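Please open the model in your viewer and keep the selection tool at hand.

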Amino acid sequence: MSVVTVRHAAVGYEGREILHDVSLTVEPGDVVAILGANGSGKSTLIRTILRLVPLGRGEIDLFGTAQRKFRDWARVGYVPQRLGAGSGVPATVGEVVASGRLARRGIFRPAGAADKAAVRDALTDVSLLDRVDDPVSTLSGGQQQRTLIARALAGKPDLLVLDEPTAGVDAGSQEAFAAALGRFQLAGGTILLVAHELGPLRPLIDRAVVVHQGRIAFAGLPPEPAGHHAEPDHDHVHPHAVQQQAGICEWAPTDRIAAN
Amino acid sequence: MDLFQYDFMMRALLGALIIGLAAPALGIYLVQRRLSLIGDGIGHVALTGVGVGLLLHQSPVLAAVVVAAIGAIGVELIRERGRTSGDLALALLFYGGIAGGVVLVSLSADASSNSLVQYLFGSLITTSPQDIAVIAVLGVAVLIAMLAFRPALFAISNDEEYAKVSGLPVRALNLLMAVTTAVTVTIAMRTVGLLLISALMVIPVAAAQQVTRGFRTTMAAAMGIGLCAAGAGVVVSAEADTPPGATTVILALAVFVALTVGAVGWRMVRRRSQPPRDVEPPDVVLQEAEVR
Amino acid sequence: MRRRLLPVLLVLATLAGCGGRAATASGKFEIVTAFYPLQFLSERIGGDVVSVTTLTKPGAEPHDVELTPRQVGDVAKAGLAVYIKGFQPAVDQAIALEAKDRAFNAASVVPLLELGDDDSGGDGEGGEPGHEHEEAAGGEDPHVWLDPVRFATIADRLAERLGQADPAHAAGYTERARGLRAELAALNTEFTDGLKTCQRRELVTSHTAFAYLANRYDLHQVGITGISPEAEPTPQRLAAVAREARATGTTTIYFETLVSPAVAETLAREVGARTAVLDPLEGLVDQKADYFTVMRQNLTALTAGLGCEG
């Protein structure tokens with residue numbers, strides 16, 4: 001049984017179609033990276049899989065069940081790109097991570113010992129246990145991102161979906177959660193992440209899927225970045241030229257990779 | 001002169017205490033979602049409900065609850081779609097609500113805009129035992145709902161998309177919040193009046209978050225501040241012969257100012273005496289420039 | 001020649017419009033009255049030859065009435081505007097602007113009581129603690145119509161004024177006013193006899209509308225709110241009235257028809273009294289009744305609540 005199956009999905013916002021005829025399969029234990037330029041539709045793809053965006057055409061299955069019938073959302077852990085604008089009402093790291101347990105226990109049961117233990121384990125995994133009672137707003141960007149990962153891990157999911165986890169995050173934090181993700185995968189978890197560039201996550205990735213202008217342009221082993229993308233200080237924030245060749249932008253195909 | 005030997009004062013105190021406890025319990029979620037003024041907006045819509053009630057010779061409070069609930073649900077649906085910007089939708093509600101109330105009342109044969117005054121400013125002293133029973137029941141219901149669903153409501157208010165992916169019944173809970181807002185506004189109508197309702201929902205939260213660090217502690221502190229301000233408001237207004245509703249709001253503001261000033265002072269003192277916290281390793285290594 | 005004709009025609013048209021405003025298409029003399037008691041007087045005295053309109057709609061509370069543009073227009077074209085100066089600010093303004101020389105101020109033709117002046121014998125002293133005043137002109141109480149004797153005097157003066165404004169029917173006005181005076185004299189006798197011997201003479205009411213009644217028939221008025229029916233008394237005021245009501249053994253708290261009974265009910269609940277309606281006749285709730293029927297209903301309510309014989 002695949003973890004995620006997407007068949008000929010098409011997704012549109014306000015009359016504009018963002019994704020056209022996208023198909024994708026994620027097997028248990030896979031670590032799949034969805035890559036692409038800004039505006040290619042890669043974020044839309046995972047948001048559609050997560051049911052945050054309605055599916056226009058096509059089908060999506062989660063753990064073998066059709067998405068609209070799927071109820072076992074505790075098996076899915078979501079790590080959004082950032083914490084969200086603060087409103088002034090404080091929340092501790094512990095409280096944010098604890099909200100990751102709601103999918104497991106439901107809204108009617110109060111928190112129990114198992115929940116507290118899961119929160120502690122998740123925070124230990126991302127090395128933030130010492131900040132459990134601190135307000136989230138006092139953390140750095142990278143520490144906040146680690147909090148969000150801990151929140152997703154607290155629910156003991158089988159699938160982790162991450163949206164650009166390394167964007168704007170310091171190198172130390174990137175190392176820390178690359179390690180956490182590695183442990184998750186070793187324990188049997190499946191990972192689906194959207195990234196602009198891979199950085200310390202590169203060694204984890206089994207498969208890369210490149211989305212370009214709403215379609216899958218390439219799927220296979222992660223390609224080597226070419227040209228100035230390969231430089232260590234490259235932060236990959238620059239416009240891509242509109243005109244493309246063969247639908248694969250700037251990633252130099254090597255002999256090992258079979259273009260799709 | 002001990003005013004609290006009189007039943008009407010005890011009822012006034014009880015009504016104020018219930019509202020003082022329940023309003024911030026709801027308000028904390030509104031502040032977290034940046035909907036601090038929604039209480040005002042729904043209060044103004046409730047005025048149309050009062051107008052309907054007076055026009056049809058039905059209970060104005062009941063009509064207010066119904067109309068306010070419809071208004072609150074409407075606001076929630078608009079917000080969900082993200083079409084109109086939040087503050088524009090609120091403006092439409094505010095002004096439509098008051099105008100609706102005044103026009104309806106003018107159509108009524110035996111009420112004038114003067115009849116609306118007690119709803120705008122509160123009428124705590126003339127609360128009958130039946131009124132108090134209704135306020136108590138509804139207030140307790142609001143408290144139970146806001147406390148029992150706290151983990152889910154926190155999750156939604158903190159990060160709505162994450163809550164959706166967690167499979168939480170986000171829309172149902174948002175509608176619950178809307179109806180709870182309408183109910184709280186209408187019971188608060190008796191104490192501080194529709195013009196000051198948001199104050200009781202929001203000021204205790206604003207005061208609490210000056211000194212607290214987490215959500216649970218903020219909620220508890222806000223409820224405590226609301227309770228004390230409401231109780232003190234009634235007592236002070238009895239002594240000073242001022243209207244209880246407005247006195248309560250002034251006291252809540254005083255607590256806010258005191259806590260803000262106190263928190264600033266405390267932080268200044270602590271900064272001097274504490275070493276800096278662990279910082280992250282620098283991304284760049286600075287080296288002394290060699291002097292030739 | 002034609003160029004000068006147009007302005008002349010305009011001036012003539014305006015002048016034609018100025019005169020003869022009093023007569024409408026129906027030919028009747030138009031009277032605009034401020035609120036019910038004055039409307040009652042005007043209808044009784046004017047009879048069939050006048051057309052009476054009132055600025056306060058039936059069932060509405062007159063103290064804070066706001067006038068629509070059409071009503072201001074009515075004031076402007078009336079033959080006579082009958083009002084009580086100081087009672088309704090909006091009406092005072094409209095009359096000052098539109099009908100200054102065609103107005104009859106009922107309060108100017110009878111002796112007025114000062115606000116807070118309701119002790120028997122009219123010694124002009126007393127006033128409840130914490131009493132709130134809304135200032136009538138010069139701090140005087142405008143509720144003169146509740147004293148049948150003063151009301152009769154107002155009727156006479158109104159008839160005279162109408163006779164000046166509409167001389168063709170002056171005789172009729174005077175005669176009808178005389179009839180009204182007789183009826184009011186009878187009412188006065190009923191009240192005097194009815195309220196002569198009572199167990200209690202304290203009249204506890206929602207707002208202090210009954211000073212003239214209290215003054216005429218030797219009662220002591222205790223109002224919960226002040227001269228104007230405000231929404232809420234302050235806690236101290238309510239407590240003070242409760243103390244006084246308990247001290248005098250009051251069994252009945254009176255409230256009026258046009259305002260919410262919540263204040264009276266709260267006080268009644270506090271002291272263990274019942275509530276009853278005492279109508280200040282500021283507006284008519286039951287369209288089939290009139291001044292006399294309501295005053296007699298008030299008398300019945302008073303004799304019952306104050307424990308009077310007769």
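In which sense do strand 3 and strand 4 of chain C pair, and over how many bridges? Select strand 3 (residues 80–83) and strand 4 of chain C: they pair in the parallel sense, over three bridges. Strands are DSSP runs of E of at least two residues, helices are DSSP runs of H or I of at least four residues, and both are numbered from the N terminus. Two strands pair if DSSP finds at least two bridges between them.

Before continuing, note that this is a predicted model, in which local features need pLDDT of at least 70, side-chain atom pairs count only at pLDDT 80 or more, and totals for chains, interfaces and linings use all residues. Residues are numbered from 1 along each chain as its sequence is written, while chains are lettered from A and ligands numbered from 1 in the order in which they are written.

**The sheet of chain C**

Remain with strand 4 of chain C, where C:Phe104 stands opposite C:Val82. Now extend the selection to the four strands that form an open sheet in chain C, in the order 2-1-3-4, with parallel pairing. Strand 2 (50–54) and strand 4 (103–105) of chain C stand at the edges with a single partner strand each, so one side of each has no neighbour in the sheet. From one strand to the next, the twist averages 20 degrees.

Axes are lines fitted to C-alpha atoms, for helices over the stretch in contact, and angles run from 0 to 180 degrees between N-to-C directions.

**Where chain C touches chain B**

Show chains B and C together: 20 residues of chain C are in contact with 19 residues of chain B. Two residues are in contact if their C-beta atoms, placed from the backbone, lie within 7 Å. On the side of chain C that touches chain B, helix 8 (235–248) and helix 9 (262–271) of chain C each supply at least two residues. Helix 9 of chain C gives the largest share, six residues.

**Two helices of chain B**

Select helix 10 (residues 197–208) and helix 12 (residues 244–273) of chain B, which pack at an angle of about 15 degrees with their axes 8 Å apart. Helix 10 of chain B is therefore roughly parallel to helix 12 of chain B (angles under 35 degrees count as roughly parallel, over 145 as roughly antiparallel, 65 to 115 as roughly perpendicular and the rest as oblique). Among the residues that meet here are B:Leu200 and B:Ile203 in helix 10 of chain B, and B:Leu253 and B:Phe256 in helix 12 of chain B.

**The strands of chain A**

Finally, select strand 1 (residues 4–13) and strand 4 (residues 57–62) of chain A, which pair in the antiparallel sense over five bridges. The bridge partner of A:Val4 is A:Leu62 in strand 4 of chain A. A:Leu62 also stands opposite A:Thr65 in strand 5 of chain A. Strand 4 and strand 5 (residues 65–66) of chain A pair in the antiparallel sense over two bridges. These two strands of chain A form a hairpin with two residues between them, and A:Phe63 in the turn has a positive phi of about 50 degrees.
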